[in-house]
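Please look over the sequence and the model shown here before reading on.

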Number of protein chains: 2
Amino acid sequence: MKIENACGRLIETNIGNYVFRPFNGTKKYTYTSKVTTLVDALKKCGLKDGYTLSFHHQLRNGDYVVNATLEAVRELGVKDIRLAQTALFDVHKPIVEYIKEGIVTRIEGSLNGVVGDYVSRHPLKAPVILRSHGGRWAAVKSGELHPDIAIIAASAADERGNATGVIGENAFGPISYSQVDAQYADHVIVVTDNIVEYPCIYQEIQERYVDYVAEIDRIGDPKKIMSGTTKITEDPMKLDIARKCVDLMDAVGIIRDGMVFQSGAGGISLAAMKFLGERLEEKDVVARCATGGLTKLIIEIYKAGRVEHLYYSQVFDDYSVKFIQENLGLPADIGHYADPTTKGRTIDGLDTVVLGATEVDTSFNVNVNTHSDGRLLHGIGGHQDTASAASLTIITVPVFRKTNPIVREKVTTISTPGMIVDAIVTNEGIAINPKREDLIKKVKDKIDLIPIEELKDIAYEATGGPKEIKLGDEIIGVTKYFDGTVLDNIYRVVE
Amino acid sequence: MKIENACGRLIETNIGNYVFRPFNGTKKYTYTSKVTTLVDALKKCGLKDGYTLSFHHQLRNGDYVVNATLEAVRELGVKDIRLAQTALFDVHKPIVEYIKEGIVTRIEGSLNGVVGDYVSRHPLKAPVILRSHGGRWAAVKSGELHPDIAIIAASAADERGNATGVIGENAFGPISYSQVDAQYADHVIVVTDNIVEYPCIYQEIQERYVDYVAEIDRIGDPKKIMSGTTKITEDPMKLDIARKCVDLMDAVGIIRDGMVFQSGAGGISLAAMKFLGERLEEKDVVARCATGGLTKLIIEIYKAGRVEHLYYSQVFDDYSVKFIQENLGLPADIGHYADPTTKGRTIDGLDTVVLGATEVDTSFNVNVNTHSDGRLLHGIGGHQDTASAASLTIITVPVFRKTNPIVREKVTTISTPGMIVDAIVTNEGIAINPKREDLIKKVKDKIDLIPIEELKDIAYEATGGPKEIKLGDEIIGVTKYFDGTVLDNIYRVVE
């Protein structure tokens, strides 16, 4: 059938199997500034009871954006919000009040500190769902975790919504957690204290995804945005553990040209990176890539020519922020880094990663989420993701802390399953997962190993074994593996 | 109900409205090299009769990849392929043979030259569908045009599929057309003649989307990859038209600090850019952005400090490739540039664009696809996209070419609807679209205008009017507006 279109042409609407719609007229496209207030932006995005709001955590303990948003939610009289942040910190203590007021009723995302402590004792109306970095990305992509509104903090943005974390007074490094939220959320608000001239010269988030740019006074406190965890430990016990990690790597034979390793922040891991840098120097070896987070330490190893590429997803200190402002290098967003539903992650092929834990058990399961008293105080981060990818996944722990056995029969909560954990390095020796016969063979006659059960025995002897803890029947949280399945349930703390 | 998971934990599978799957075990993830031959890659991607294969055209008339792929398809005995390239050139003449053999039976994408000529006389089993850059991106995103296999030419790629057009002997500029194919195709093959060490330091296409990396001898002929259209015309008539464009911009008042303009290649447009650069200098004006394609000319304007940002999607000459290798600046992929289904395109807010045409008509409709004899010889490119966005969309044409009236009552094919075309600048004067009363008012007493009908009369007088052409009943192609509707049908040429 022929139909006359808006240009006056007779258009055939059916050709073979094809059905065509005739041109119906058009207009000139233009743009208007998207800059407004946070309250107005939320209103225009249709904020209502029951909505899911997502956030990234790259402003860490210096973040003002989550609190400011919830203040705006309260101002708008909206309740029953589900938070879908990548992580919360102590700075987000006001959330406890919002929970009490019924403004926040559900949380899916990492809880570090006070909010986790509160939720451990006061269950929300649905359990907190804890996912790894890669697991969260996949969940947003699949729709399992659908943000109605993504709220994306930026240290600079232009009026059309191109946004970055690379420049500005509160720069925190390339925005790397929010691309998936920008793409899949129904509405997207960039929040910034620094509107720059169009076009913003870095744009990890592009205008094509952004509905509004909310201008606020300050997105955060730069002193607290930068992590406190980039100081190398001075504790001789921890330094000893860190040194053992590098000895283990060496014994396994992975300290060789082209090695790829994950560089993290946090006491022992950072010390291990320092010693690894020294070992690279001693052996005159050049590593191919360091993935993960940037710190002054790892940049110094790079500058010394001991690692060719920094393939980073986070930036942990001021030194590193200044460094990437001069040379952006190879940032990898979290999807590139760890989305398990793709055809390749940057972490695939890692030779080694050094990770911490609150507890480990004789099945090599690792707990990073709860303390031994049952309180949910930490997120999973990239723990599972990197553990699943590294040829040598090392967990570092002291066998006990004060009167609490860290190596134990059963961890309080499973965050990373033992089947992908290769070695536990402690102050009392190194245990290798018995299923890694290949590793055990490689290190034979090079370093001493100790069975994990003996480490547990040492811990139990020194401490009298795990304290009994009183937990309620209510499940306050679940830890998920990055494939979406449940590793463990977290129960209410009742005393 | 509680179920024991693969870590031995009892997991509650139903909590409130949530249903949870228990952890089922996992393995270590790793990677293997994706490098193989083109034939093997196609086979492993399950190539079969009826498949849609997509390509980008950034190797232009120097491209070897489309032909090499179809040779592999023939070798595999597969038929009935739909091509979903962004554009074909004369170098793709072998496709005529593949059509005759039934290997290629449908084409959706731009046809420049010989293949278009052939198809004009020999209809395929479905009409060729012509879309603008932005329209094609949107069609792939929506599933209207679904590639079974995306084949992405790269001048460098690593074994895991991170790929670029920025470096290597056959560098052609950042890959900017294929991100949407990479994301939405069922299978993705990167084709390169330059496997670089992991990680490839530019990666417009990331490993997460790539199934295979097919290594071939040469992806193209560097001499022909670079466009021949970056030479400024020496034809006095065309130079006169180009100068008039800049006079018109000036009269309208858009040559001012912060202006944003589209810089294209092609004779008159390039000359207009040269004169615009001079005018910026004379008036001591600094433009904000030049969007579109990079040429030596536009980079020189940038280096002279007359435009602050090059917000580019293509790279047209060697000079520009070298320039971006030293300073990548602000590349914009085609989705960012022109996807009409997003919340903002880089072209929105363009002050002006200067575009060519094969014909224009008295309703300001523009033909860029067919010649006046009906032959389909060109693609739409970014014509519609930029026309829809620019405050001042200028079409430049001579009123007639040889004995053919270019300004006419009705264009042979509508590529861009007159309702978004603002001015026709010709050797015989400037016509402004009567619906743009604002523009007419602005230029009053500054420049002379001529009604479009008079331009047509001049053309008809000099040429005797349009030749009658003999077209068949069969529709060999349709031009679509970027919203997916049909602007026009293209009929078979019968003599």
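What follows is an explanation of this structure, taken step by step.

This is a predicted model, in which local features need pLDDT of at least 70 and side-chain atom pairs count only at pLDDT 80 or more, while totals for chains, interfaces and linings use all residues. Residues are numbered from 1 along each chain as its sequence is written, and chains are lettered from A and ligands numbered from 1 in the order in which they are written.

The secondary structure of chain A comprises 15 helices and 31 strands, where helices (H or I, at least four residues) and strands (E, at least two) are DSSP runs numbered from the N terminus. Its C-alpha atoms occupy a box of roughly 85 × 55 × 50 Å along the principal axes. For 495 residues a compact globule would have a radius of gyration near 23 Å, and the 25 Å of chain A agrees with this; the radius is taken over C-alpha atoms, and the globule rule is 2.2 Å times the number of residues to the power 0.38. Of the 495 residues of chain A, 60% count as buried, a residue being buried if 20 or more other C-beta atoms lie within 10 Å of its own, exposed if 12 or fewer, and partly exposed in between, with C-beta atoms placed from the backbone. Among contacts in chain A between residues at least 6 apart in sequence, 72% join residues at least 24 apart, a contact requiring that the C-beta atoms, placed from the backbone, lie within 7 Å.

Chain A is divided into domain 1 (1-30), domain 2 (35-108 + 145-225) and domain 3 (228-493), with bounds that come from an automatic or database domain assignment. The centres of domain 1 and domain 2 of chain A, taken over C-alpha atoms, are separated by 42 Å.

Turning to the strands, strand E30 (residues 471-480) of chain A is joined by three bridges to strand E11 (residues 128-130) of chain A, and the two run parallel; strands pair if DSSP finds at least two bridges between them. A:Thr479 takes part in both pairings, as the bridge partner of A:Leu130 and as the residue opposite A:Asp488 in E31(A). E30(A) and E31(A) form a hairpin with five residues between them, and A:Gly484 in the turn has a positive phi of about 95°.

An open sheet of three strands in chain A has the order E23-E22-E27, with mixed pairing. Strand E23 (366-367) and strand E27 (407-408) of chain A stand at the edges, each with a single partner strand, so one side of each is left without a neighbour in the sheet. Strand E22 (residues 359-361) of chain A runs antiparallel to E23(A), with two bridges between them, and A:Glu359 stands opposite A:Asn367.

How are the two chains related? A rotation of 180° with 0.0 Å of shift along its axis superposes chain B on chain A, with an RMSD of 0.0 Å, by least squares on the C-alpha atoms of residues with pLDDT of at least 70 in both. The two copies are thus related as by a two-fold rotation axis.

At the interface, 60 residues of chain B are in contact with 60 residues of chain A. The largest share of the side of chain B that touches chain A, four residues, comes from E31(B).

Notes: Contact = placed C-beta atoms within 7 Å.
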